[in-house]
Amino acid sequence: MGFLYDYINVVFYIVAFLVGGIPFGVFFTRLYGIKIQEVGSGSTGATNVYRALKEVAPKQAKLLSIATLVLDAIKGLLVVLVAKLVGLPYGAQWMIALLAIVGHCYSPYLGFKGGKGVSTAIGSVLLLIPIEGALGLVVWAIVGKVFKVSSLSSLFGVLSGIALTFIVPYVLPIPDSINIIAQIHSHAPVILIGLLILYTHIPNIKRLFSGQENKVL
């Protein structure tokens with residue numbers, strides 16, 4: 001029986017990586033004959049979709065950018081949701097969430113290149129730590145509204161959500177089902193997610209410090 005569970009976990013890990021790698025941003029920009037990986041940062045995420053389309057299709061650019069953001073989040077949420085419905089343990093669910101994000105950042109359909117991972121990270125953890133995830137979204141929205149810099153709001157949103165996992169489980173009486181400490185007795189998955197997001201944003205961080213990061217939001 002243990003072997004069967006291990007086999008199911010491995011299947012889910014592979015599926016999570018493959019689903020996470022679906023490049024919605026590439027699909028949308030190709031509708032207008034644009035190769036998104038040759039535009040701006042080369043990322044397949046929502047911000048670069050907007051950057052790629054704002055000149056050729058200004059009316060559709062914002063809509064398709066939002067659609068990319070939502071779909072990139074949904075693919076992360078979906079694989080974790082199915083894992084929950086199947087009854088996989090929390091450790092496996094967190095691994096699935098992480099692999100969906102890795103798949104987005106290093107898509108097997110694009111030569112292991114992809115996006116920055118923020119939207120998929122949000123979707124992947126939303127069912128596991130909804131309070132921290134929702135608060136991270138609030139931070140993302142506020143920073144984006146004030147500074148209008150996508151990378152800055154993304155970094156603050158994700159990292160604040162991660163930081164809150166060191167606070168919320170200890171100060172709020174939340175159910176074990178949404179408490180990372182009760183789930184796996186470790187912060188390792190969110191730390192790995194944070195490091196991955198920081199790594200994919202290294203060029204943006206360099207531009208932020210040099211004052212060269214463009215405002216997009």
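Mentor: For residue classes, Ala, Val, Leu, Ile, Met, Phe, Trp, Tyr, Cys and Pro count as nonpolar, Asp, Glu, Lys and Arg as charged, and the others, Gly among them, as polar. The model is predicted, so local features need pLDDT of at least 70 and side-chain atom pairs pLDDT 80 or more, while totals for chains, interfaces and linings use all residues. Numbering runs from 1 along each chain as its sequence is written, and side-chain values use heavy atoms, without hydrogens or water.

Trainee: How many cavities of 30 Å³ or more does a search find?

Mentor: A search of the whole structure finds one, where a cavity is a set of 1 Å grid points, over protein atoms alone, at which a 1.4 Å probe fits but cannot get out. The largest cavity holds about 190 Å³ of space, the volume being that filled by probe spheres on points joined across faces, edges and corners.

Trainee: What lines the largest cavity?

Mentor: There are 19 lining residues, and the closest to the centre of the largest cavity are Ile122, Val125, Gly157, Val158 and Gly161; lining means an atom within 4 Å of a point. The elements giving two or more residues are helix H6 (118-125), H7, H8 and H11, with helices being DSSP runs of H or I, at least four residues, numbered from the N terminus. H8 provides the largest share of that lining, six residues, and by class the lining of the largest cavity divides into 11 nonpolar, seven polar and one charged.

Trainee: And H7, which of its residues are buried?

Mentor: In H7, which spans residues 130-147, the buried ones are Glu132, Gly133, Gly136, Val143 and Gly144, buried being under 20% relative accessible area, exposed over 50% and partly exposed in between (1.4 Å probe, protein chains only).

Trainee: What do the buried residues of H7 pack against?

Mentor: They pack against helix H8 (150-164) and helix H9 (168-171), contact meaning heavy atoms within 4.5 Å. The face of H7 turned away from its buried side carries the exposed residues Lys145 and Val146, and just after H7 comes Lys148, which takes a positive phi of about 55 degrees.

Trainee: Switching topic, what is the volume of the second largest pocket?

Mentor: It is about 330 Å³, a pocket being an open set of points with protein on both sides within 12 Å along at least five of seven lines. The second largest pocket is lined by 16 residues, and Ser41, Gly114, Gly115, Lys116 and Thr200 are the closest to its centre. Helix H11 (188-200) and helix H12 (202-210) are the elements that give two or more residues to this lining, with H12 giving the largest share, three residues. The classes here are five nonpolar, eight polar and three charged residues.

Trainee: Where does Gln37 sit?

Mentor: Gln37 belongs to the loop between helix H2 (24-30) and helix H3 (46-53), and it is partly exposed, with a relative accessible area of 36%. Not counting residues up to four places away in sequence, Gln37 touches Gly42, Thr44, Leu110 and Lys113.

Definitions and conventions. The expected span of a helix is 1.5 Å times one less than its number of residues.
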